[in-house]
Amino acid sequence: MKTKMQLLRLSIVLGCLILSFKGNAQRQRQSPHDTVTTQINGANLRVTFGSPAVKGRTIWGGLVPYDKAWRGGADEATLFTTDKDISINGKKLAAGTYSVFVIPGKEKWTYIFNSQTGQWGIKMGGVANFDEAKNVLTVTADAKAVPMEEHLKYIFKGKMFGLNWDQQQALVTIE
């Protein structure tokens with residue numbers, strides 16, 4: 001009886017380990033990751049993101065639907081960190097680390113800074129994985145055509161910040 005009980009316990013432990021490995025396998029990164037940093041008005045800024053490639057796909061309005069919240073990169077949600085309070089498009093963002101979500105439109109994009117971090121970027125069905133109640137800042141940017149960029153990049157250009165991918169770019173002002 002004691003041996004049967006030990007075998008049962010061992011089976012349960014092994015089953016849990018197998019399920020754990022299966023769950024982690026579904027969350028393996030599919031794209032290379034990158035980090036960009038800068039300093040603006042004494043604030044150290046860092047963005048960490050998954051950098052998928054176009055690979056001949058239709059990105060805007062295709063892979064990334066218009067007017068729908070998106071994780072702003074591949075795999076886990078993009079992270080934006082500032083060590084000092086800053087303003088983005090004139091709106092205050094307190095020092096801290098935030099997940100960045102993007103709602104791309106044909107002419108305007110919305111950047112969402114959300115206090116929840118560590119979540120995988122999407123839920124089943126492709127819906128962005130964030131709690132809207134934890135949005136701390138929402139700003140818009142004009143989208144503009146730019147030369148082709150195969151891999152998604154976040155850029156700092158002077159006091160401007162934003163996403164550049166495929167043939168689109170949308171930048172906000174940081175002060």
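Predicted model: local features only at pLDDT ≥ 70, side-chain atom pairs only at ≥ 80, totals over all residues.
**Reading ring pairs and a pocket**

Student: By what is a pair of aromatic rings described?

Tutor: A pair of aromatic rings is described by the distance of the centres and the angle of the planes. A search of the whole structure turns up 11 aromatic pairs. In one of them, Trp60 and Trp109 have ring centres 4.8 Å apart and planes at 45°, so the pair is tilted.

Student: Where in the chain do Trp60 and Trp109 lie, and are they buried or exposed?

Tutor: Trp60 belongs to the loop between strand E2 (43-50) and strand E3 (78-82), while Trp109 is in strand E7 (residues 108-114), so that the pair links distant parts of the chain, 49 residues apart. Trp60 and Trp109 are buried.

Student: Why is the pair of Phe156 and Phe161 called tilted?

Tutor: The centres of the Phe156 and Phe161 rings are 5.2 Å apart and their planes meet at 35°, so this pair is tilted. Ring pairs also link Phe156 and Phe161 into a cluster with Phe49, Phe80, Tyr111, Phe113 and Tyr154.

Student: How is empty space found, and what volume does the largest pocket have?

Tutor: Rolling a probe the size of a water molecule over the atoms shows where empty space is left. The largest pocket here has a volume of about 480 Å³, and of the 26 residues that line it, Leu63, Trp70, Arg71, Gly73 and Ile122 are the closest to its centre. By class, the lining of this largest pocket comprises 13 nonpolar, 8 polar and 5 charged residues.

Key: Residues numbered from 1 in each chain as written. Heavy atoms only, no water. Phe/Tyr/Trp six-rings, centres within 6.5 Å; stacked < 30°, edge-to-face > 60°. Helix = DSSP H or I, 4+ residues; strand = E, 2+ residues; numbered from the N terminus. Buried < 20%, exposed > 50% of the residue type's maximum accessible area, 1.4 Å probe, protein only. 1 Å grid on protein atoms, 1.4 Å probe; cavity = no way out; pocket = protein on both sides within 12 Å on 5 of 7 lines; lining within 4 Å. Points joined across faces, edges and corners; volume = space filled by probe spheres on them. Nonpolar A, V, L, I, M, F, W, Y, C, P; charged D, E, K, R; others polar.
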